[in-house]
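I set out to record what I looked up in this structure, one entry at a time.

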Amino acid sequence: MEKDKLLQNSYYKMITKKIVTTIIIVSITPMILVGLIILDRFNKSYHEKVSAHLDELVQKHKQNIDTFLKERLGNIQFLAKMASIENLKNELFLQENLLEMQKAYDNVFVDLGTINDKGVQLAYAGPFQLKDAQYSDAQWFKNALANRYYISDVFLGLRGLPHFIVTVKKNFDGKELILRATIDIMAFNSLVENLRIGKTGFAYILNREGEFQTKTSFDVNADKKSYTELLKKVKETKRGEHIIEKKDKSSGEKLIYVVSSLKGGDWLMVYQQDYGDAFSSIKIVRNIAYIIFVIGCFCIISMAFILSRRIVNRIARIDSEKEMLNQQVIETGKLASVGELAAGIAHEINNPVAIMVEESGWMEDLLEEEDLQKTENLEEYKRSLKQIQTQGKRCKEITYKLLSFARKTDSRIDDVQINEIIDEVVSLSAQRAKYANVIFNTRLDNNLPLLSLSQSEMQQVLLNLFNNALDAMEKTGGNIDITSNSHNNNVSIEIKDNGPGIPKANLVRIFDPFFTTKPVGKGTGLGLAICYGIIKKMGGNIKVQSAINVGTTFIISLPIFEQKEKKTDPEFDNLDGGL
Amino acid sequence: MKKIKLLLVDDEVPFVETMTKRLKKREFDVDTAHSGLDALKALESNDKIEVVVLDVKMPGMDGIETLREIKKVYPLTEVVMLTGHATVESAIEGMRFGAFDYLMKPCDIDQLVSKVTQAAEKKQKHENKIVEARIKEITSRRA
């Protein structure tokens, strides 16, 4: 039994495990797949969106800057074109024009100057004292001489402040003059500084050498190498804009760069942002996805456990019900076959037993005759013959019970009031109860409906139960409480004694035919089996509850529905009852 | 007192033999038969038979049939049914057809004796009544 239970437990545990794993796999896998796919798609499209946005932004700024530079150049070109050589050498003229341009363009121009082909500044207008300054060695001057117009990189120059200049070369009868204007680096900076996105997104301009052309308020990595690498990458591609994602070497953070060439490829505008910052909403989405995933997993797992436990409990219940049903089928089958057997045996045995008893009787008769009276062992003979007769009667008893177990009793079905039968059987047993010092207490529900059943069979059941109770309490005395009531389409009769009770080991077997605890010759072990068969045949149920030294309760429940009259073989009825 | 004449009918030969011996020892005049037909023949040949002890379960013509036949032909002859448990109901049914009583096998010899005696007495009484009635009739006729 114990081993069986253990086996069963492990079996149910296995089922539970299977169900749990199946549920978890089946529900989590699609969740993960869908989650990953959506996340990936979102990632990609968001990436594209952000990239496009940054691209556009940088493009716009690039255009702005290009326009700015072109316009400034245009200003200077215009000035150079309009002015005569005298005008250019005249500081007042320059002063006037500088003021005008400053008024028109918000102090973008810092100063103006005219330089001859020897690199000497002939005239100057501006805040610095740069008249007659010598520029012949400056790189920008060489470039300015070589080109019709030129925009320099940012440099410190003579004034020691970062600035860049716009130059226009003008030819006056073979004499070349260069008109030069300094652009306020702050004004230029503002063009780039406006490009600020998120916490870490900012822009700056580099020249071909990787030198900063604008000031950055951020601590930009001073390592020029990384920028030159960047430059190389840009050079390799022909497109104007380029997006690069790379890891910052010192901080280990991933950075995103948007690079675009300016000033005909001389300068490079770089927009730089932390990857995490640029794609912060991806991070948020991913976090949300993680949270949902974790919660989902938790829900699924707990659901799996709860569900599987419920299912397995149900399976276990069904299994045990099935087992019970099987047991009942076996039980009724057993009863049926026993009944058949009993009928046969009883018939066959009865006659030989009768003959044996008669023969012994005859011998008894013969012993009475004169000549045998002197026999030494006369008493022994007599005792022996008596014994044969007693045992013969015992056989008769057994066959009688066997037959009543199997024979067609009076199974006519009437509408009967169960309380009347109870009262009747109680009064039948009253005499015996008096000797056994047992008191019957009946508590009957007077509103019981009529039941369709065989009166004599019901009597038999009750009498058997009463007799058992009386047998159990013969020495001690006690009470037998009989209760009847109805509920849920059932009438239930409770027969409760306060006798010694039935040991647990016996409890499962008491309805088995031939199971008895009474001394040999006292019981046949058929009483309760008969009761069981009858009640099952009626479509009812009989149950027993018992506790040692507390007493035993038999509970009979009978269905109230209209019972169709059926008079088939009792064996079949038994089977019916069981099924 | 005059011996009661009875007919013992049972298909179990040893039973019949022993029973016969025991009943004879108890001052009965016993005839035997081993089937219903035999019993009817015996009754035919011996009209002194007062009581028939008849087993219910016999092959061929069974106890109930035999009983009905006996009662039809010899209504005054009393019949005590002998039965196993399986046939108690038919024995009871037999009483409806006029059997005096029934006994369950294996039965106590004393019980059987007393039943047979009672049956014989009843028959005697009936016969006496009939005789009396006849006498009355005859006397009244004379008168």
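Predicted model: local features only at pLDDT ≥ 70, side-chain atom pairs only at ≥ 80, totals over all residues.

Of the 143 residues in chain B, 41% are buried. A residue counts here as buried if 20 or more other C-beta atoms lie within 10 Å of its own.

**Entry on elements.** I found five helices and five strands in chain B. Read from the N terminus, the elements of chain B follow the order β-α-β-α-β-α-β-α-β-α.

**Entry on the sheet.** In what order do the five strands of the open sheet in chain B stand? I noted the order 2-1-3-4-5, with parallel pairing. Strand 2 (28-33) and strand 5 (101-104) of chain B each have a single partner strand, so they stand at the edges and one side of each has no neighbour in the sheet. From one strand to the next, the twist averages 25°.

**Entry on one strand pair.** I next followed strand 1 (residues 4-9) of chain B, which runs parallel to strand 2 of chain B and is joined to it by six bridges. As one example, B:Ile4 has B:Phe28 in strand 2 of chain B as its bridge partner.

**Entry on a helix.** Finally, I examined helix 3 (residues 63-73) of chain B, which packs on the sheet. Helix 3 of chain B touches strand 1, strand 3 (51-55) and strand 4 (78-83) of chain B. I recorded an angle of about 160° between the directions of helix 3 and strand 3 of chain B.

Conventions:
Residues numbered from 1 in each chain as written. Chains lettered and ligands numbered in written order. Helix = DSSP H or I, 4+ residues; strand = E, 2+ residues; numbered from the N terminus. Buried ≥ 20, exposed ≤ 12 C-beta atoms within 10 Å, placed from the backbone. Pairing = 2+ DSSP bridges. Axes fitted to C-alpha atoms, helices over the stretch in contact; angles between N-to-C directions. Contact = placed C-beta atoms within 7 Å.
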